[in-house]
Amino acid sequence: MPNEFRPPTISSAPNLRDTGGYATRDGGQVRTGLLYRSEQLSKITDAEMPLLAALGLKKIYDLRTTDERAAQTDRVPTGAQDVVVDVLADEKQAGPAELLHLLDNPQEANAKLGSGKAAALFRHGYIAFVSLPSARTGFARMFKELADANNLPALYHCTTGKDRTGWASAALLTLCGVADEDVVRDYLLSNDYILPEYQGMIDKLTGIGVEKNILLSILGVRREYLDASFKEMHDRFGGIEEYFARGLGIDAAGQQTLRDRFVERP
């Protein structure tokens, strides 16, 4: 079933939403009010900061690169600890956010990113979320800390809250036993919240000649991207539990702690 639970609407961070609310295969439900996913928090207005503060966050896990954090510094509510988890620190190619810089030159953008090249770069990025050493180290730290009730409620985010954040959500929900179709549905919800936010940019850039499909490939999410992560996970590790065990160093007991922390059973 789709996740209908969202925190109070925060228009300055439209892709901020609860990770919980989904049914699990064993009859449980992922708890709400404990874990949130979001885009970057630099645009939180003074008027809406109380809404963010009301979530009672203890930890905010920032999955962005050094350059991304410098360009858009998070606004962190009082009482929350900002934790830097740069999952793309080891990435040699341009990360998803860096691709936006190419768009100022339509001819260069169309040559380098057109004809499916942008989507191919994103598929590569989603493979890196699973295999890159810095990604494995970063996600391992985050998930290990999220198993501790003292760190909750918590929030994790990247720049737009759809790619690095999308994989983190998909991995955790899958570990918790949420059906594949709901995991994908949750991932694709980012299109509903992010694309309207960037419609002005899309209109402006298509107006100067950038191919619209490039913009949708960069600013939106596609099933094929998430599929690339899951394929890499299965090819490299064998499955979700093996990914957590061998990829992230979280053994069966640690995985069960995560399930117990986030899944409420009848």
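Is cysteine 158 buried or exposed, and what is its relative accessible area? Select cysteine 158: the residue is buried, at a relative accessible area of 2% (buried means under 20%, exposed over 50% and partly exposed in between, with a 1.4 Å probe and protein chains only).

The model is predicted, so local features need pLDDT of at least 70 and side-chain atom pairs pLDDT 80 or more, while totals for chains, interfaces and linings use all residues. Residues are numbered from 1 along each chain as its sequence is written, and side-chain values use heavy atoms, with hydrogens and water left out.

With a disulfide taken as a pair of cysteine sulfur atoms within 2.5 Å, the count is 0.

Now select residues 117-131, helix α4, together with residues 223-236, helix α10 (helices are DSSP runs of H or I, at least four residues, numbered from the N terminus). The two pack at about 40°, and their axes, lines fitted to C-alpha atoms over the stretch in contact, lie 8 Å apart. This angle makes α4 oblique to α10, the class left after under 35 degrees (roughly parallel), over 145 (roughly antiparallel) and 65 to 115 (roughly perpendicular).

Finally, display the side chains in contact (heavy atoms within 4.5 Å). Among them are Phe122, Tyr126 and Val130 of α4, and Leu226, Met233 and Arg236 of α10. The contact residues divide into 10 nonpolar, 2 polar and 4 charged (Asp, Glu, Lys and Arg count as charged; Ala, Val, Leu, Ile, Met, Phe, Trp, Tyr, Cys and Pro as nonpolar; the others as polar).

Note on methods. Axes fitted to C-alpha atoms, helices over the stretch in contact; angles between N-to-C directions.
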